[in-house]
Amino acid sequence: MSDAAVMHQAYIALGANLNSPATTLEAAIDSIAASPGIKLLKRSSLYRSPPLDADGPDYINAVVEIVTSLQPLPLLHRLQAIENAYGRERTYRNAPRTLDLDILLYQDFSSDSAELSVPHPRLHLRSFVLMPLIEIAGDMQLAQGSASELLKAALASGQIIHKL
């Protein structure tokens, strides 16, 4: 990464519920950190939660903060390549998965295209994203409100999450 490259802050959510999800997430974090144009700044603890609007075993989730010289679509494509390296299959919506990597936030960038929606459209509704995000970023303000208030609402709705 060139010192002259313009760097953009981004937050990436990681999740998995097949094979050895905790091991996969640790390896995926290493893969993200080793990617050209990406520098890992912070990573959350791992969290366990039951699937939301899906079936299958419990998920293991985390969030990482990065800075990157990659623009949003090339970053998405890099994350998809990492998912594919860990055997990600897209058999149906919300299917159990070996690895899921989502761009939650990318600087002040916003997109609602068929290929990329940023900020992530369901970020504010998911305790398994909000809790690790708050751990590394604090109580940030999202378009829908403060992350901590949104987390309280998600937990009050019955979502369960446990720090590992």
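Let me begin with a definition: a residue is called buried under 20% relative accessible area, exposed over 50%, and partly exposed in between, using a 1.4 Å probe and protein chains only. This is a predicted model, in which local features need pLDDT of at least 70 and side-chain atom pairs count only at pLDDT 80 or more, while totals for chains, interfaces and linings use all residues. Residues are numbered from 1 along each chain as its sequence is written, and side-chain values use heavy atoms, with hydrogens and water left out.

Two prolines illustrate the terms. Pro121 has a relative accessible area of 39% and is therefore partly exposed. Pro121 sits in the loop between strand 7 (117–118) and helix 3; helices (H or I, at least four residues) and strands (E, at least two) are DSSP runs, numbered from the N terminus. Ten residues along the chain separate Pro121 from Ser111, and their C-alpha atoms are 10.0 Å apart. Pro36, by contrast, is exposed, at 68% relative accessible area, and belongs to the loop between helix 1 and strand 2.

Which residues of helix 2 are buried? They are Pro72, Leu75, Leu76, Leu79, Ile82 and Glu83. Seen down the helix axis, these buried residues fall within an arc of 120°, so they line one face of helix 2; the arc is that of the directions from the axis to the C-beta atoms. Their cover includes strand 1, helix 1 (21–33), strand 2 (38–43), strand 4 and strand 5, where contact means heavy atoms within 4.5 Å. Just after helix 2, Gly87 adopts a positive phi of about 85°.

Finally, the largest pocket. A pocket is an open set of points on a 1 Å grid over the protein atoms alone, where a 1.4 Å probe fits, with protein on both sides within 12 Å along at least five of seven lines; lining residues have an atom within 4 Å of a point. The largest pocket holds about 880 Å³ of space, the volume being that filled by probe spheres set on points joined across faces, edges and corners. Among its 38 lining residues, Arg97, Asp100, Asp102, His120 and Arg122 are the closest to its centre. Strand 5 gives the largest share of the lining, five residues.
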